Amino acid sequence: MNSEEFRIKGKELIDYIADYLENIRDRRVFPDKKPGFIRGSIPDAAPIKGESWETIFRDVEKVIMPGVTHWQSPHMHAYFPALNSYPSMLGEMLSNAINCLGFTWASSPVCTELEMVVMNWLGKMVGLPEEFLHRKGGDGGGVIQTTASECTLISLLAGRFIAIKMFESLYPDASKHEINGKLVAYCSDQAHSSVEKAALIGLVTLRYIECDEDFSMRGDKLLKAVKQDRDQGLIPFWVCATLGTTGSCAFDKLAEISEVCYNELLWCHVDAAYAGSAFICPEYRVWLKGVEKANSIAFNPSKWLMVHFDCTAMWVKNSSALHGAFNVNPLYLTHEYSGLAIDYMHWQIPLSKRFRSLKLWFVIRNYGITGLQEHIRKGVFLAEKFESFVRNDPRFEIPAKRYLGLVVFRLVGDNFITETLCKRLNSRGNIHCVPANLKGKYVIRFTVTSPRTTLEDIVVDWKEIVTVANEILQEREKYLTRAKVPLGETRDRNENFGSSLLLSNVPMSPKIVNASFAAIYDQSDVLEQFTKTIKLRKDAQDSPAMRRRIKGILMSGKQFSLDSRLDLFHGIDISPTQKAENCSLPVVEDSLEPEEKSSSISDNDVTSGSQSSLKDNLDVPPVRHHRSKSVDHQTNLTIDDLAVRKEICNRCGHKVGKAICFGASKSN
């Protein structure tokens, strides 16, 4: 592509981007795709010869857009905002064209100089004390990092450097390894998982402080934990205070926490990833009280200030701690102003840095402080409206106070009902939300994200939630009568899965890990959901691995993971040439036990409507199955055996309903 073609195609691409964003409301917000969907859409290998731009660009709508979660959609309410804007994109275009690597002042002076100025602008906009700003004779200042997670790690490593240096001076005979092994960091039990990751990388112990009834970490509990650890010979050194937790946007009591840190000589880092943008509005700075005694603070303009990812603002009071933790200075990176000008390579983990300040500069100048404040306040207003809709419906509850643009809500009753609501909303694709766990309660997070969101959009989203909730509550009887298996008994009831029975990161649902995470379903639920949503493969392959897998599935007892259930049906699918009466596929390997007789499926054997549709659509032959010595209730497994039948097993006397026993054939 030459410059002339770039001019033409670049303008066409800008038109496409503008049309995409202006019409994004018409797109399904959450894609209806499964892992691996893209493999069949593009070749397995790169092209030998270059392709035309027209050919490449056609694949944007064909290959890319069907798998996009549209974060800029007004119906995107998951996670926290990840916004963009036209001035931000223009700044990124110019930054890409310049493509400087700003590791030192000399590598591109304006990259460093503009970042210092813009970070001072932003620090003043949110009301930070002067100690955090770049100023003559000061040791503080701001830097743009990639993510808030990286800022957490950087502050922890800086705090670790200070702690080790201090204890080496107090105990000269102690080695760095001995000191590091006793270091303890602290955060709320509502803090982001990146805090745990930072502690893992820093090789320090992390202690979680239990939050109060408002999901906030308090100073008294922190102080108690610090003293207990000191009494045990440990070395407390670092605390992360969260302003706007991920689960409920709760605020730790920063004034109390920073006071404890100041008195106990602990590094206090403030993680305000989402909420920090709101501090440009004076009415929200009440949560910043106590920041004057903190050591570092970070938030993401890429979340709520319409500067697209990546752009995370971080300020420190003591940049010398960063230099101590990250300073390496080979000859090829020195220059004539080394020591006089800031070299940002000493303020971060990577060596190089992108010219991120350009897009932040464009956005602040184009919108102005008042324009950005208006944007923040609009998001909060819409969240208040959504909260009022939820409160006016007695079937819902709001288990945590709303802060800023995040509302958490749930259906009154068992966690399973709200979990079903969340999953079904996302599967429909009209809106997108994610769950959280608040003291054992499964809640749905609803965040106002897009600057294009209107009150009409919020009304439409609430109607979607109510529609799905109505469906679920009509099925409530089914959920109330289903057998519940305590987590402690799950492994015992699925002994054939062995160590593959695990828990996912969603605390409410036990999972079976069997090639992928899939929720455990009761036998009847599997068939019901299967007939609704699954399209059977017609190219099932016979292989020893598949036969062994299916044999394990058939021997696994009452409950099946959904992906395993798919493999079972894939294994019994047959090609048209194999379709013959009483024909069976060798879906299991030979066993030492004598083969038991299979019976074919007839219309009389099928007792439920879903089973009838299954048989009619599949023309499925009987499955030859060998009974496992460890499972008494499995013989002659056929499709009719999976139906819910009220019979008695002659072998054990158990009822054959609801998958309690599905091993007996009708001849028994």
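**Close-up 1. A nonpolar surface patch includes Phe-37.** Phe-37, Ile-38, Ile-42 and Ile-64 form this patch of about 310 Å². The model is predicted: local features need pLDDT of at least 70, side-chain atom pairs count only at pLDDT 80 or more, and totals for chains, interfaces and linings use all residues. Residues are numbered from 1 along each chain as its sequence is written, and side-chain values use heavy atoms, without hydrogens and water. Patch residues have over 30% relative accessible area and no salt bridge, and nonpolar side chains (Val, Leu, Ile, Met, Phe, Trp, Tyr) are joined within 5 Å, like charges within 9 Å. A salt bridge puts a side-chain nitrogen of Lys or Arg within 4 Å of a carboxyl oxygen of Asp or Glu. Phe-37 sits in the loop between helix H1 (3-22) and helix H2 (53-64). Its relative accessibility is 34%, so Phe-37 counts as partly exposed (buried is under 20%, exposed over 50%, partly exposed in between; 1.4 Å probe, protein chains only).

**Close-up 2. Helices H5 and H11 cross.** The axes of H5 (residues 148-170) and H11 (residues 319-326) come within 8 Å, at roughly 90°. The two helices are therefore roughly perpendicular (65 to 115 degrees). Ile-154, Leu-157, Ala-158, Phe-161 and Ile-162 of H5 meet Ala-321, Leu-322, Gly-324, Ala-325 and Phe-326 of H11. Contact means heavy atoms within 4.5 Å.

**Close-up 3. Glu-92 lies in helix H3 (residues 86-98).** With a relative accessible area of 12%, Glu-92 is buried. Glu-92 touches His-308, Arg-354 and Lys-359, leaving aside residues up to four places away in sequence. Phe-362 is 270 residues from Glu-92 in sequence, yet 9.6 Å away in space, C-alpha to C-alpha. Helices are DSSP runs (H or I, at least four residues), numbered from the N terminus.

Notes. Areas by Shrake-Rupley, 256 points an atom, 1.4 Å probe, with all protein chains shown as cover. Axes fitted to C-alpha atoms, helices over the stretch in contact; angles between N-to-C directions. Parallel < 35°, antiparallel > 145°, perpendicular 65-115°, else oblique.
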